[in-house]
Amino acid sequence: MSKTYRLGNWLGADLKTIYKYIKQMRRADQLTRPSLLALQDLIETDPEVNMLFSTMFTYKFPDPDIPESPISDYMDMLLKMQTVMSGAPVYNSVLGSAPLNSLLVYVMATPPGTMAFINDKVNKCFRFILRDWAQYLSNEDSKIVLNSTDGWLCPESLATMPGFLDTYQVDMSDPVYYGFKSWNDFFARKLRTDVDVRPVAHPNDPFVICSPCEAFPYFIERQPKHRDEFWIKAQPYSLQHLLDDDALTEKYVDGTVYQAFLSSANYHRWHAPVDGTITKAYIKEGAYYAEALSMGYDPTANTYSQRYLSHVNTRAIIHIDTGHSAIGTVIFIAVGMAEISSCPIEVYYGENVKKGDPLGTFMFGGSTYCMLFQRGVNLSFVAESIPEEDWPTSLQLVKSHLGTVRISHKKGR
């Protein structure tokens with residue numbers, strides 16, 4: 001595929017409005033959260049990190065139409081981050097459903113920012129920060145923003161998620177929160193089980209690949225290389241980096257990579273795309289707010305860099321051995337983006353799964369995923385019958401028909 005389309009609904013308003021809000025937003029009087037204090041200490045004691053965080057806020061893009069950073073320096077950033085982390089994202093907020101991401105839109109795209117946000121020490125601090133905030137977002141206190149009057153469950157919000165009450169597990173006896181216990185409980189909501197709201201496509205046909213997520217097609221690459229320059233503007237897939245130097249990488253050279261993108265309002269759980277046995281399932285820790293420098297200023301909050309992020313961000317990697325020589329082992333990779341970087345896995349090594357069985361979930365919003373198919377697997381995707389310009393509106397429901405493996409008479413079990 002020759003084009004990349006910008007999907008998702010990451011930002012709550014246009015950038016001019018967001019930047020004005022950030023400049024004027026209330027910030028904490030004093031930094032008190034241990035996770036933010038740890039980042040402050042790193043910035044002030046590590047010479048390289050200090051240089052990057054001292055210059056990213058003052059950097060000016062050559063394009064005069066790009067507004068200057070709405071945050072003045074790293075202390076302004078930390079104090080405003082503490083304000084954001086004092087509660088859960090508010091419905092209809094200017095900062096949207098990923099407010100930390102909105103705070104960092106400008107600096108993520110700067111040359112020093114792109115270096116800072118792939119620094120291992122910086123990402124260790126951000127891991128601490130996001131896990132710190134996640135404790136609150138998974139606590140019952142955070143559900144206040146979900147209320148059905150003016151929160152995420154109000155009629156206006158539900159109108160943006162058609163069929164919400166008929167699709168997900170809700171408790172209609174609770175008219176305020178519909179039974180959701182926390183912010184993360186709402187964002188990692190489960191499908192109804194009393195009604196088959198997302199039936200598995202062709203459950204008895206092993207050669208039909210099901211959509212593992214509720215997502216929009218983003219990119220299809222045939223014949224990816226073992227090692228490539230994924231940081232350049234074209235962002236080709238580099239299998240060695242994508243698969244964390246896995247010894248099995250060679251089997252996927254000249255195979256197929258399929259990538260799709262979840263928006264903030266989508267269902268966020270992952271399901272098995274094929275029948276098979278789990279042969280690997282692990283988390284690769286990585287970056288959280290990285291961007292590809294080659295993409296330049298990104299007003300969409302890092303969606304321009306999705307293929308790049310697949311190589312450097314925190315991600316869950318799950319191998320499913322189908323037992324069929326015509327399919328081999330399918331690899332599913334759930335890539336965390338920004339706040340959405342917690343990817344708990346719900347399967348284990350040696351477990352047998354059927355198409356549609358749960359694999360895990362993104363916590364706190366939308367993200368992107370990749371599926372890898374081995375060299376020699378002959379398959380076509382439903383998305384290939386859709387004009388690429390229509391991909392941003394072509395939501396593929398979880399467990400629906402994603403693609404088909406075409407087999408020759410020489411291949412079988």
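A salt bridge, as I use the term today, is a side-chain nitrogen of Lys or Arg within 4 Å of a carboxyl oxygen of Asp or Glu. Please bear in mind that the model before you is predicted.

Let me begin with lysine 354 and aspartate 275, whose side chains form a salt bridge at 3.4 Å, N to O. Lysine 354 belongs to the loop between strand S8 and S9, and aspartate 275 to the loop between S4 and S5, so this contact ties together parts 79 residues apart in sequence. Aspartate 275 is buried, at 19% relative accessibility.

How many salt bridges does the count give? It comes to 16. Among them is the pair of lysine 121 and aspartate 46, at 2.4 Å. Because lysine 121 lies in helix H8 and aspartate 46 in the loop between helix H2 and helix H3, the pair joins parts that are 75 residues apart. Lysine 121 is partly exposed at 42%, whereas aspartate 46 is buried at 12%. Helix H8 also holds arginine 131, which forms a salt bridge with glutamate 285 at 3.0 Å.

I turn now to the aromatic rings. The count is 25 aromatic pairs. One of them, tryptophan 270 with phenylalanine 362, is edge-to-face, with 5.5 Å between centres and 75° between planes. Tryptophan 270 sits in strand S4, and phenylalanine 362 in the loop between strand S9 and strand S10. Tryptophan 270 is buried at 0%, and phenylalanine 362 is buried at 0%.

Finally, arginine 307 places its charged end over the ring of phenylalanine 219, 3.7 Å from the centre.

Definitions and conventions. Residues numbered from 1 in each chain as written. Predicted model: local features only at pLDDT ≥ 70, side-chain atom pairs only at ≥ 80, totals over all residues. Heavy atoms only, no water. Phe/Tyr/Trp six-rings, centres within 6.5 Å; stacked < 30°, edge-to-face > 60°. Helix = DSSP H or I, 4+ residues; strand = E, 2+ residues; numbered from the N terminus. Buried < 20%, exposed > 50% of the residue type's maximum accessible area, 1.4 Å probe, protein only. Lys NZ or Arg CZ within 6 Å of the ring centre and 35° of its normal.
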